[in-house]
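Open the structure in your viewer and keep the selection tool at hand. This tour goes stop by stop.

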Number of protein chains: 2
Amino acid sequence: MYVPSTKPGTDSLQGFGSDRAIAPSDFTYKKGKTIFLQDDPAKYVYEIKSGAVRTYKSLPDGRRQINAFHLQGDVFGVDNEKFHRFTAEAIVQTTVRLVSHGSFNMVAESDPVVLQNLLRMTTRSLQHAENHMLLLGRKTALERTAAFLHEMDERAAATDVLSLPMSRRDIADYLGLTIETVSRAVAKLHCEGVIDFVGSTQREIVILDRKRLAAFDQQP
Amino acid sequence: MYVPSTKPGTDSLQGFGSDRAIAPSDFTYKKGKTIFLQDDPAKYVYEIKSGAVRTYKSLPDGRRQINAFHLQGDVFGVDNEKFHRFTAEAIVQTTVRLVSHGSFNMVAESDPVVLQNLLRMTTRSLQHAENHMLLLGRKTALERTAAFLHEMDERAAATDVLSLPMSRRDIADYLGLTIETVSRAVAKLHCEGVIDFVGSTQREIVILDRKRLAAFDQQP
DNA sequence: CGACATATTGATATCCATCAAACCGGGTGG
DNA sequence: CCACCCGGTTTGATGGATATCAATATGTCG
């Protein structure tokens with residue numbers, strides 16, 4: 001994996017709350033490009049400056065399960081292991097801040113503050129995974145789709161219109177469904193007056209009724 | 001939650017690798033008893049001395065998703081939070097070693113060794129959750145069931161016969177299936193000569209062909 | 001404008017859930 | 001000891017939610 005040493009920043013990586021300088025550098029991936037592959041040696045930790053990333057596992061025959069979508073500000077690739085446990089790809093053009101995984105680990109080993117932040121991040125991922133297992137194991141297609149829009153709405157907040165960077169295929173592989181089923185579920189929510197589309201593309205969505213959207217989901 | 005101060009041990013909790021003494025005490029739960037509920041304040045961390053535990057989340061209408069089964073030697077209830085994110089119940093009569101979560105956290109805050117072990121445990125849970133999401137989102141009933149037996153076989157190892165403490169309902173709620181579907185999948189594996197039953201109960205299983213069992217599963 | 005990717009919509013198939021009944025072992029009490 | 005019940009499991013018949021297959025829009029980009 002080639003990494004240019006462009007514009008090495010001098011700030012500490014905010015996401016880790018360390019006051020030690022861990023010289024990071026930025027890099028940009030084009031839409032669809034692989035950031036790292038499953039079982040690749042984990043050389044870096046990534047913080048998204050702009051764009052969006054999907055991380056996933058897949059079976060030998062191609063079936064794919066997306067673990068998570070990472071948006072601006074998110075940190076990913078922190079595997080606490082020598083090798084990545086999944087593949088990461090840029091969903092759209094994405095700029096990330098890279099931090100050397102090795103030096104990062106060295107700092108982490110001795111610094112309780114960094115360790116605590118690592119632990120917090122890992123715990124947050126675990127929490128998300130637990131909720132997602134409930135979704136995948138026990139929710140209906142409509143509930144999953146509503147839950148997805150609900151989640152994205154909460155994360156992207158601050159704007160009136162929800163702009164989804166990912167395709168229907170990505171959504172389907174995140175929710176354990178097919179693209180057709182996702183499409184039908186979204187159509188249903190539209191018919192019911194819970195959401196609306198803006199612009200020409202189907203990825204710009206307005207949530208008309210957050211209460212009813214949450215009701216279509218089934219929170220624990 | 002009532003906790004008797006019986007036989008307070010003096011050893012450090014092995015699972016955490018700390019050399020500081022965190023006075024633990026033992027407690028026994030009868031089959032089916034709740035150890036803690038989702039959203040309960042997290043007062044303790046648990047290490048299983050004998051028995052088995054299920055942890056799960058459920059939806060308001062009762063649908064249930066079991067995150068994980070915990071067997072002898074496993075540590076659970078480490079939520080790194082003030083409240084438990086799921087419910088824990090004893091599957092069979094279970095004895096656990098309790099460690100006060102508060103004092104544990106105090107030690108953890110400053111001790112890099114304890115923090116690293118916490119991180120390792122959390123990472124392992126996350127890893128398991130990621131694999132399980134792939135199972136729940138993308139595998140067939142037969143693949144799920146084979147994966148379950150494979151997992152249990154690996155964990156329980158050391159014996160010839162696999163003795164499952166959990167009911168078909170538990171297995172179903174772990175795999176995102178119904179009990180009938182689990183039963184049929186197990187029957188199929190039996191017909192195919194991959195597994196066999198011993199004893200009178202259906203929970204004593206012999207793996208006849210580990211290779212073929214792994215093939216029914218689909219490893220990434 | 002045309003070609004290709006992405007999304008929707010419709011028709012049909014399939015896997016698994018649901019409903020229902022039988023089975024089985026284990027306890028209990030006569 | 002056996003009859004009975006009871007929870008758990010298996011097995012069978014049917015239905016339904018979602019996958020699959022196919023055709024049609026719609027948008028994107030050269």
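Predicted model: local features only at pLDDT ≥ 70, side-chain atom pairs only at ≥ 80, totals over all residues.

Stop 1: Select chain A and chain B. What superposes chain B on chain A? A rotation of 180° does, with 0.0 Å of shift along its axis and an RMSD of 0.0 Å. The two copies are therefore related as by a two-fold rotation axis. The same surface serves both copies, as 100% of the contact residues of chain B recur in chain A.

**Stop 2: the domains of chain A.** Colour residues 18-136 of chain A as domain 1 and 139-217 as domain 2. Their centres, taken over C-alpha atoms, are separated by 25 Å. Where they touch, domain 1 of chain A contributes twelve residues and domain 2 of chain A contributes ten.

Now look at the domain 1 side of that contact in chain A. β4 (53-58), β5 (64-70) and α2 (112-138) each supply at least two residues there. β5(A) gives the most, with four residues. By class, this side has nine nonpolar residues, one polar and two charged.

**Stop 3: the core.** Which residues touch the most other members of the largest nonpolar core? Select Tyr46(A), Val53(A), Tyr46(B) and Val53(B). The core holds 112 residues. Zoom in on Val53(B). Leaving aside residues up to four places away in sequence, its contacts include Ile35(B), Ile48(B), Phe76(B), Ala88(B) and Ile91(B). His70(B), Glu89(B) and Thr94(B) are also among them.

**Stop 4: DNA strand C.** Show the 18 residues around DNA strand C. Ser167(A), Arg168(A), Ser183(A), Thr140(B) and Thr181(B) come nearest. α5(A) gives the most, six residues.

**Stop 5: DNA strand D.** Move to DNA strand D, with 19 residues around it. Here Thr140(A), Thr181(A), Ser167(B), Arg168(B) and Ser183(B) come nearest. α5 (179-191) of chain A, together with α4 (168-175) and α5 (179-191) of chain B, each supply at least two residues. The largest share, six residues, comes from α5(B).

Terms used:
Residues numbered from 1 in each chain as written. Chains lettered and ligands numbered in written order. Least-squares fit on C-alpha atoms with pLDDT ≥ 70 in both. Contact = placed C-beta atoms within 7 Å. Near = placed C-beta within 6 Å. Core = buried A, V, L, I, M, F, W, Y, C linked by C-beta atoms within 7 Å. Buried ≥ 20, exposed ≤ 12 C-beta atoms within 10 Å, placed from the backbone. Domains from an automatic or database assignment. Nonpolar A, V, L, I, M, F, W, Y, C, P; charged D, E, K, R; others polar.
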